[in-house]
Amino acid sequence: MLVIQDLYKQFGSLVAVNEFNLRVETGETVVLMGPSGCGKSTAIRTINRLIEPDRGSIMLNDSNIIAMEPDELRQARKRIGFVFQHFNLIGRLSALENVMLGLVMSGVERKNAESRAADSLCKVGLDNHLDHKPDQLSGGQQQRVGIARALAYEPELMLWDEPTASLDPILVREVLVVMEELARFRSSTMIVVTHELPFALRVADRIVLMDHGRIVEEGKPSQVFVSPISDIGKRYKELIEYQMNTSAQSLSGKP
Ligand SMILES: Nc1ncnc2c1ncn2[C@@H]1O[C@H](COP(=O)(O)OP(=O)(O)OP(=O)(O)O)[C@@H](O)[C@H]1O
């Protein structure tokens, strides 16, 4: 279980995250949404201290992330997978080697690292692409290598920061399908920052909406997007209705 209390982060005079309190149960998938600049990425990046919060408490299964010294934090980060918008693969290494690299560097014996990397690539449907270099893979496949790299540690917690944001819309689906599978098997707890509404509707156990650094509403998708109480929630509801109506009209041939 992850328990975040009173998280606060300021950049200069700008308060990016304020009074952020969140409890995520083991195996739960939480989707964090809100307008651009509302603090989603900052909030998710403080969880593994890629960004140091100014104050607050973050407990992951009884480990106090905030109190950790650098060595302990390095160990803890192996239990927290992070998937970024940009895949940051190493161009001269194959998919398998990209996934193995972190494992080998963290002391896993080479043969064991190779089999763990191959297993992770299999989980994201890339078992036939182990030897491919990044420039021989599509953007969606490269992001799936990025996901496999995080999965290789069998993390307790997976953090996703707009994993489809830099992908061609046609390639987005294959990454969302992999994420949906992972969420369905509940192999790890997931917090996902995304603007992908259909994914949020289908996969989230809970939607958390942020505005101006604060959580303004949370609940099941059927609650937040059907009977919202916040202004942001009401705007998402209008957007969903608009998208559903325009799709239905287009399919029926009406203007
Ligand atoms: N390193 C930084 N230095 C200064 N300001 C920052 C920094 N990182 C983020 N900010 C500011 O903090 C606020 C929150 O940014 P953040 O990236 O967390 O928002 P977001 O909700 O993830 O946005 P988006 O959906 O566009 O990615 C924004 O106003 C942003 O400009």
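How far apart do the C-alpha centres of domain 1 and domain 2 lie? In this predicted model, the C-alpha centres of the two domains are separated by 23 Å. The domain assignment places residues 1–79 + 157–220 in domain 1 and residues 84–154 in domain 2. The chain contains 9 helices and 10 strands, and a ligand is surrounded by residues that include K40, S41 and T42.

**Overall form**

- The C-alpha trace of the chain spans about 55 × 50 × 35 Å along its principal axes.
- The radius of gyration of the chain is 19 Å, which agrees with the value near 18 Å that a compact globule of 255 residues would have.
- Of the 255 residues in the chain, 38% are buried.
- Among contacts in the chain with a separation of 6 or more, 63% join residues 24 or more positions apart.

**Contact between the domains**

- Contact between the domains involves 13 residues of domain 1 and 14 residues of domain 2.
- On the side of domain 1 that touches domain 2, β7 (157–161) and α6 (169–185) each supply at least two residues.
- The largest share of that side of domain 1 comes from α6, which gives 4 residues.
- By class, the side of domain 1 that touches domain 2 comprises 7 nonpolar, 1 polar and 5 charged residues.

**Nonpolar core**

- The largest nonpolar core has 65 residues, and L32, V99 and A148 are those with the most contacts inside it.
- Both domain 1 (1–79 + 157–220) and domain 2 (84–154) contribute to this core, with at least three residues from each.
- Leaving aside neighbours within four places in sequence, A148 is in contact with V99, S120, L121, K123, V124 and L126.

**Ligand surroundings**

- The residues around the ligand are F11, L14, A16, G34, S36, G37, C38, G39, K40, S41 and T42.
- The elements that give two or more residues to this shell are β2 (14–24) and α1 (40–47).
- The element that gives the most to the shell is α1, with 3 residues.
- The shell around the ligand divides into 4 nonpolar, 6 polar and 1 charged residues.

**Helix α1 and the residue after it**

- Helix α1 is mostly covered, with 8 of its 8 residues buried.
- The buried residues of α1 are K40, S41, T42, A43, I44, R45, T46 and I47.
- Just after α1, R49 takes a positive phi of about 60°.

**Surroundings of I65**

- I65 is located in the loop between β5 (63–64) and α2 (70–77).
- I65 counts as buried because 21 C-beta neighbours lie inside 10 Å, where the cut-off is 20 or more.
- Not counting residues up to four places away in sequence, I65 touches R49, I58, L60 and A76.
- R49, one of these contacts of I65, is the residue with the positive phi just after α1.
- I65 and R77 are 12 residues apart in sequence, and their C-alpha atoms are 9.4 Å apart in space.

Methods: Residues numbered from 1 in each chain as written. Predicted model: local features only at pLDDT ≥ 70, side-chain atom pairs only at ≥ 80, totals over all residues. Near = placed C-beta within 6 Å. Nonpolar A, V, L, I, M, F, W, Y, C, P; charged D, E, K, R; others polar. Buried ≥ 20, exposed ≤ 12 C-beta atoms within 10 Å, placed from the backbone. Domains from an automatic or database assignment. Contact = placed C-beta atoms within 7 Å. Core = buried A, V, L, I, M, F, W, Y, C linked by C-beta atoms within 7 Å. Rg over C-alpha atoms; globule rule 2.2 N^0.38 Å.
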